[in-house]
Amino acid sequence: MGEDGRPPLVAAAGVTRRYPPRGGNGRPGAAGVTALDGVSFELGLGEVVGLVGRSGAGKSTLARVLIGLEPVDAGEVRYEGSRLDSLDAAARQRFRADVQPVFQDPFNALDPRQAVGAIVAEPLAIHRVAPRRERGALVARLLADVGLPCDAAFLRRRPHELSGGERQRVALARALACEPRGLILDEPVSALDASVRGQVLNLLLGMRERRSLAMLVIAHDIALVARLCQRVVVMAVGRVVEQGPAATLLASPASAPTRELVAAAGWLAQLPAPE
Ligand SMILES: Nc1ncnc2c1ncn2[C@@H]1O[C@H](COP(=O)(O)OP(=O)(O)O)[C@@H](O)[C@H]1O
Ligand SMILES: [Mg+2]
């Protein structure tokens, strides 16, 4: 339960997720990978949490588990206190609209044949957010919210005609279309140039101010998430090894994996963490 007595938006309790050995030609009896090993995690309403760890720590697996894209072998995942596997069709539809993923490479997430206007309008139709005649105005507002133009020429562009930063903004506009209360952002700026990275980070910082938009921000750069998030969770080899206020983790990391991440962040880690 959160401080206000309401259940977290999404939560994992003691979740284990194992993958079979990769490929069909693995040795018989070869051990698979335990990507998540008894992980518990909560994202409260309106909370902005960072999730960091080296590559392979299990961050993306946790992200997929939290949005119901992947089953678990043990433990449970809950949406507003109800187990995902017990949601009826209506609740599941609500969950899909309410907790939206944003992935590292939006190029894979965006349909290459669809134009920007259609990409952003689609969820409005699927989730029946607005009648057809109101969709144009909503798309324009969503694009403006993420700092994109909304003129007819831009609406007609296709993903390959956009820069990496523009694509990630389109993905964000689409994710925000059905007014979700939660975003699960898996390495949202890792694929972007350093200059554009700052712009998208500022955009996320602005979105943090939106009342009651919860965000899970996944990154391998602890300094980056410390700028966005009040609370940071550190994972290593499928487990949560440490968590706490961003400033505390940066100033006095208690575990070896956290120390490693802080050292890797170098001078960036010296920047002040947000309030
Ligand atoms: N679909 C999959 N099949 C088999 N192994 C996987 C799959 N996805 C991830 N893994 C393995 O699970 C572990 C955790 O991966 P992942 O969640 O992607 O970590 P991270 O996002 O922290 O880099 C890694 O060892 C990875 O190789
Ligand atoms: Mg990952």
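Visitor: Which residue in β8 is the bridge partner of Val-52?

Guide: In β8, Val-52 has Ala-219 as its bridge partner. Strands here are DSSP runs of E, at least two residues long, and helices are runs of H or I, at least four, numbered from the N terminus. This is a predicted model, where local features need pLDDT of at least 70 and side-chain atom pairs count only at pLDDT 80 or more, while totals for chains, interfaces and linings use all residues. Residues are numbered from 1 along each chain as its sequence is written, and side-chain values use heavy atoms, leaving out hydrogens and water.

Visitor: How many bridges join β3 to β8?

Guide: Two strands pair if DSSP finds at least two bridges between them. Strand β3 (residues 48-52) and strand β8 (residues 214-219) run parallel and are joined by 5 bridges.

Visitor: What is the order of the strands in the open sheet?

Guide: The 6 strands follow the order β6-β7-β8-β3-β9-β10, with mixed pairing. At the edges stand β6 (99-102) and β10 (239-245), each with a single partner strand, so one side of each has no neighbour in the sheet.

Visitor: How are two packed helices described?

Guide: They are described by the angle between their axes and the distance between the axes. Axes are lines fitted to C-alpha atoms, for helices over the stretch in contact, with angles from 0 to 180 degrees between N-to-C directions. Here, the axes of helix α4 (residues 116-126) and helix α7 (residues 164-176) come within 7 Å and cross at roughly 25 degrees. The two are therefore roughly parallel to each other (angles under 35 degrees count as such).

Key
Chains are lettered from A and ligands numbered from 1 in the order in which they are written. Angles under 35 degrees count as roughly parallel, over 145 as roughly antiparallel, 65 to 115 as roughly perpendicular and the rest as oblique.
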